[in-house]
Amino acid sequence: MVALALRDAAVHPGLGADLDVRDVDHGFVLHGEYLPVLSEVSFSARAGEFVALLGPSGCGKSTLLRLVAGLDRPRQGRLLVDGAEVTGPDPSRVVVFQDPTLYPWRTVWRNASLGLETRGLLKQQRHRVDQALALVGLESFAKAFPHQLSGGMAQRASLARALVNDPRLLILDEPLGKLDSLTRLQMQGELTRLWQARGFTVLMVTHDVEEALLLANRVIVFSDRPARIRADLAVDLPYPRHRDHPELLRLRREALGLLGLARDW
Amino acid sequence: MTAIAEATSTTAGTGALRLGDDRQPRSLGLLVVAGLLWLGLGAFVLGWADAQEVERTTLLGILALALGGAQLLAGIGGRFAAPLAQLGRFAPWLIVLALFFAAWETATAKLDLLPLPFFPSPQAFVEVYTDDWRRLGDSLLHSVWLLLRGFVIGAAVGFTIGVALGWSKRVGYWVHPVMRLIGPLPATAWLPLAFFIFPTSGSASTFLIALATAFPLTVLTWSGVAGVQSAYYDVARTLGADQRFLILKVAIPAALPHVFVGLFMGLGSSFAVLVVAEMLGVKSGLGWYLQWAQGWAAYANMYGALLVMALMCSTLITLLFRLRDRLLAWQKGIVKW
């Protein structure tokens with residue numbers, strides 16, 4: 001594991017949360033047998049950092065995100081956000097899932113307002129829903145129902161639903177995984193812009209090496225299941241980044257090598 | 001943007017495909033034909049002497065003439081007023097009905113070909129409504145009131161049990177076996193027992209109708225709630241939702257399409273129980289009227305009551321569809337009744 005100091009210019013202190021994952025082991029019992037999914041996972045993310053978790057499909061990255069979100073509790077180890085143990089879900093740590101999972105019976109606006117509604121803040125803070133929708137460019141679709149949206153628009157709506165809560169830690173579970181490549185490029189740009197403007201900490205699972213290197217300050221590479229940390233790569237490049245930057249190409253080769261794919265590329 | 005455009009264009013497309021939007025002038029011509037046929041029917045009823053001993057021939061003739069005149073006016077006025085032109089789509093039906101009434105009238109009142117009292121004439125039908133409307137209306141009110149009481153109670157209970165079953169394992173443990181045993185039993189099987197246990201036949205029938213409504217609704221609500229994607233709950237939980245929010249704002253709305261299927265099934269079986277209960281115990285209502293008319297061999301009254309009952313059931317189903325269309329407007333490709 002390589003722990004590298006980052007240039008402070010790329011990191012936003014203040015709003016973001018510190019994340020500390022310590023010796024986490026987790027697994028499931030399947031057909032009476034214990035199936036280990038995460039093994040001795042330890043890393044930390046500083047406030048305002050953009051950390052990408054990269055690994056083969058089905059290696060347990062998404063399980064790790066569920067633990068950080070507080071949706072599940074780890075079998076062993078501890079997860080700390082700003083020094084406090086994660087015991088359950090909290091609106092300051094919002095997840096954007098691979099599927100937009102918008103509620104089909106609610107309009108885009110009422111989907112985005114969900115987090116305020118659960119906390120009884122909707123009446124005073126209606127303007128924040130409008131702001132979040134404007135931020136993702138969906139203000140004119142506020143009254144549309146989810147089945148009327150394209151895939152990219154639906155994913156933007158689910159991003160707005162997360163942003164309304166002013167998250168300190170944004171947890172992204174392959175948020176762009178199911179989008180077409182053009183929409184994907186556009187959304188990658190938008191994500192970087194939002195992160196730079198808002199300054200929250202981001203933890204993003206992806207299995208797209210290029211995406212991880214384009215967006216993140218650090219890329220943590222996982223092994224196959226049970227997932228262990230193979231490497232912690234610092235991406236010390238200014239934004240916006242270019243796909244053909246020599247440093248990026250070098251890191252890409254390194255990451256693919258760690259994933260056991262170097263020969264094919 | 002495109003998705004919205006597509007969505008609206010498809011709804012417009014299916015709308016145009018529906019039978020209703022027939023704006024061809026041809027149908028206005030048909031309406032004039034129908035009007036003339038109905039005028040002819042009126043003249044035929046009034047002009048040809050009855051072979052059977054029937055009353056209300058004059059009224060029937062006048063009704064046919066009035067309907068014919070109205071259709072003729074609508075057929076002509078439709079060229080100038082769009083709402084009248086909309087009536088054009090009924091023209092084929094009106095033509096067929098005029099011919100049917102003519103044949104019926106000929107076979108019964110005019111030539112006395114069909115045996116009485118099984119095949120009453122149209123006049124006799126009219127007579128049921130002119131002479132017995134008080135009793136018939138009273139029966140209708142009693143039926144509707146009994147049905148609504150039972151249905152609302154059954155729907156409330158069935159929905160609540162269904163949500164509880166879908167949500168809580170402990171409730172499932174206790175309620176599921178009971179429901180499996182008793183649920184499939186037709187509610188009418190309880191009839192003798194219910195009339196014995198309950199103080200009045202009205203309360204017994206209310207209970208039976210509630211039972212018939214509750215079972216399908218419980219099963220459908222249960223499967224609806226149990227089938228909600230766990231991702232929906234994950235989303236709400238990460239946004240800070242409590243149990244109450246998860247049930248009321250996630251599980252129930254997500255299960256609502258299933259709930260409506262259950263309500264339709266429940267309403268259907270409540271009709272069956274209503275008629276049986278009224279025939280066997282309750283001393284009012286359309287089921288009782290049918291039974292009473294049969295006692296007098298008053299077949300015209302039975303047909304008249306059947307028509308009223310059909311209209312009642314159809315109206316209630318339509319109202320339920322309207323409610324569903326309002327509440328489930330977000331669903332794609334919803335079936336029109």
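How many residues of chain B are in contact with chain A, and how many residues of chain A with chain B? The model you're looking at is predicted, and in it 18 residues of chain B are in contact with 24 residues of chain A.

Let's start on the chain B side. The elements of chain B that give two or more residues to the side touching chain A are α1 (2-17), α10 (230-238) and α11 (243-280). Of these, α10(B) gives the most, with seven residues. If you sort the residues on this side of chain B by type, you get twelve nonpolar, three polar and three charged.

Now have a look inside chain A. Chain A is divided into domain 1 (8-92 + 167-264) and domain 2 (104-152 + 159-165). The C-alpha centres of these two domains of chain A lie 26 Å apart. Where they touch, domain 1 of chain A puts in eight residues and domain 2 of chain A puts in seven residues. On the domain 1 side, helix α6 (residues 181-198) of chain A gives the most, with three residues.

Here are the two sides whose make-up we know:

| Domain 1 of chain A, touching domain 2 of chain A | six residues | one residue | one residue |

One more thing to find in chain A is a pair of strands. Strand β9 (residues 218-222) of chain A runs antiparallel to strand β10 (residues 229-234) of chain A, and five bridges join them. A hairpin takes you from β9(A) to β10(A) through six residues.

Terms used
Residues numbered from 1 in each chain as written. Chains lettered and ligands numbered in written order. Predicted model: local features only at pLDDT ≥ 70, side-chain atom pairs only at ≥ 80, totals over all residues. Pairing = 2+ DSSP bridges. Helix = DSSP H or I, 4+ residues; strand = E, 2+ residues; numbered from the N terminus. Domains from an automatic or database assignment. Contact = placed C-beta atoms within 7 Å. Nonpolar A, V, L, I, M, F, W, Y, C, P; charged D, E, K, R; others polar.
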